[in-house]
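Please keep the sequence and the model at hand while reading.

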Amino acid sequence: MIHSERNRRYLVAVLRVVGVAAVYYGAARLGLLRELTVHGAVVTPLWPPTGIALGCLLYDGLRVWPGIAVGSLVVVGMLGGTVTPSTLVVAAGNTLAPLCAYALLRRTGFRRELDRLRDGVVLVFLGAMAAMVIGATAGTTMLVVDGKLPAGNFWSVWAAWWAGDVMGVLVVTPVVLVLGRVRPPRFTDRWAEAVALSAVAVAGALVATRSSLSMLYLVFPIVIWAALRFRLAGSAPCALLVSVLAIVAGTDGTGPFAGHTIVEVMINLTVLNGAVALTALLLAAMVAEQQNIRHRIERACEELAEVVDQLAPGRSAAAWPSRAEDERGSR
C-alpha cells in the first residue's frame, strides 16, 4: 500500500511536469505565429510562455519548475536548431525569470485572487517589469556572444525581448489565474450581460484594430465595462482578446499599424497592450477590493445587530429606566 501510494504520487508529479512543459511549448508555438524581426533577432510583441509559467508556479508552487525548464529548452532548441551552451543559457534565463517573479510575489504577500490593488501593483512592477529583466538579458547577451547580433543593437533588441516577456505576464497570467478558479456556471440574469459584453468586445476590438481611422481608444470603455461588472473574470479575457487582435493587425500591417516600420509597430503594440493590461488588471483589483470592504462592513453590521438582539431581551425592566424616572432622578 505504501509503495503504491508513493508510485501514484510520483506519477502525478511526472504528469504535472510533462503537462506544464507541453502547455509552455504550445504557448510558445502560438506566440511565434506572429513573430517580428528586430535587427535580425526574432522577438514577439507578446510571449505567452512567461505568463503560463508564472501562473503555473502561483498555483502549483516550485514543484513545476522542471516542466518550465524542459519546455523552455525545447522551444529554444527548436528556434536554434541545435542545443548549444548558448541555448542552455537562454533556456536558463527563461526559467529563472518566472521563478524570480514567483519568489518576489510570495515575499510580498501576493494573493492570486488579485482582489487587492496592491496585488495588481506588485504583479506589474515586480512580477513583470523587474523579474523579466533576467530572460531578456540572458537571451540578448547570448545573441551578441554568438555573433548573431551587433553590440550596437543590444538595447533595442533587449527592450523588444523584455517587452514581450512583460506583456506575457500582464496579459496571460491573469487569465491563467482566472481559469484556475473556474466553477460550474450558475445561470443568472447576468448571463445576458456577459453575452452582450462578449459580442461588443469582439466587434469593438475588430473595429479598433482594423480601422484605418486610428480608433484604438474604443477598446478602453469595453475593458472598463468588463472590470466594473465582472472584475478580473471579465477584464482579463477582454485584455487578452484586444492584445491578440492588435498583434494580428500589427504584424499584418493593417489598420492603424499600416505604413509603420517593424520597430514602430513593436512600440505601438507594447504601449497599447500595456495600457489595456494595466487598465484591466488594476481597475478589476480596485473593484474587487472595494466590494470586499463593503461585504466585511455589512457582515460586521449584521453581527453587531445579532449581539444587540441577544442582549436586549435579557435585560430587566430596571435596567432600562424610563425617561420619566431619569427626569425625576435628575431633579
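## Basis of the report

The structure is a predicted model. Every value given here was computed from that model.

## Helix 4 against helix 6

Helix 4 (85-107) and helix 6 (133-145) pack with their axes 7 Å apart, at an angle of about 170°. Helix 4 is therefore roughly antiparallel to helix 6, since angles over 145 degrees are placed in that class.

On the side of helix 4, the residues in this contact are S86, V89, V90, G93, N94, L96, A97 and C100. Their partners in helix 6 are I134, G135, A138, G139 and M142. Sorted by class, the contact of helix 4 with helix 6 comprises eight nonpolar and five polar residues, with no charged ones.

## Helix 7 and its two partners

Helix 7 (154-179) packs against helix 6 at an angle of about 145°, and the two axes lie 9 Å apart. The crossing of helix 6 and helix 7 is right-handed. Helix 6 contributes V133, G135, A136, T137, G139, T140, T141, L143 and V144 to this contact, while helix 7 contributes F154, V157, W158, W161, W162 and D165. The contact of helix 6 with helix 7 has nine nonpolar residues, five polar residues and one charged residue.

Helix 5, which spans residues 117-130, also packs against helix 7. Here the angle is about 140° and the axes are 8 Å apart, which means that helix 5 is oblique to helix 7. This crossing of helix 5 and helix 7 is right-handed. The residues that meet are L123, V124, G127, A128 and M129 from helix 5, and W162, V166, V169, L170 and P174 from helix 7. Nine of the residues in the contact of helix 5 with helix 7 are nonpolar and one is polar, with no charged residue.

W162 of helix 7 takes part in the contact with helix 5 and also in the contact with helix 6.

How many cavities of 30 Å³ or more does the structure hold? There are two. The largest cavity has about 50 Å³ of space. Its lining consists of L170, V171, P174, L232, S235, A236, A239, A277, A280 and L281. Helix 7, helix 9 (219-252) and helix 10 (262-311) each give at least two residues to this lining, and helix 9 provides the largest share, with four. By class, nine lining residues of the largest cavity are nonpolar, one is polar and none is charged. L170 and P174 line the largest cavity and also belong to the contact of helix 7 with helix 5.

The second largest cavity has a volume of about 40 Å³. Around it lie W47, T50, N94, A97, P98, M132, G135 and D165. Helix 4 gives the most to this lining, namely three residues. The lining of the second largest cavity divides into four nonpolar residues, three polar residues and one charged residue.

Two or more lining residues come from each of strand 2 (41-43), helix 3 (65-80), helix 4, helix 6 and helix 7.

Which classes of residue make up this lining? The lining of the second largest pocket has 14 nonpolar, ten polar and three charged residues.

## N292 in helix 10

N292 is a residue of helix 10. Leaving aside residues up to four places away in sequence, N292 touches D115 and R231. N292 and R112 are separated by 180 residues in sequence, and their C-alpha atoms are 15 Å apart in space.

Key: Residues are numbered from 1 along each chain as its sequence is written. This is a predicted model: local features need pLDDT of at least 70, side-chain atom pairs count only at pLDDT 80 or more; totals for chains, interfaces and linings use all residues. Side-chain values use heavy atoms; hydrogens and water are left out. Ala, Val, Leu, Ile, Met, Phe, Trp, Tyr, Cys and Pro count as nonpolar, Asp, Glu, Lys and Arg as charged, and the others, Gly among them, as polar. Axes are lines fitted to C-alpha atoms, for helices over the stretch in contact, and angles run from 0 to 180 degrees between N-to-C directions. Angles under 35 degrees count as roughly parallel, over 145 as roughly antiparallel, 65 to 115 as roughly perpendicular and the rest as oblique. A crossing is left-handed if the near helix is turned anticlockwise from the far one by less than a right angle, and right-handed if clockwise. Contact means heavy atoms within 4.5 Å. On a 1 Å grid over the protein atoms alone, a cavity is a set of points where a 1.4 Å probe fits but cannot get out, and a pocket is an open set with protein on both sides within 12 Å along at least five of seven lines; lining residues have an atom within 4 Å of a point. Grid points are joined across faces, edges and corners, and a volume is the space filled by probe spheres set on the points.
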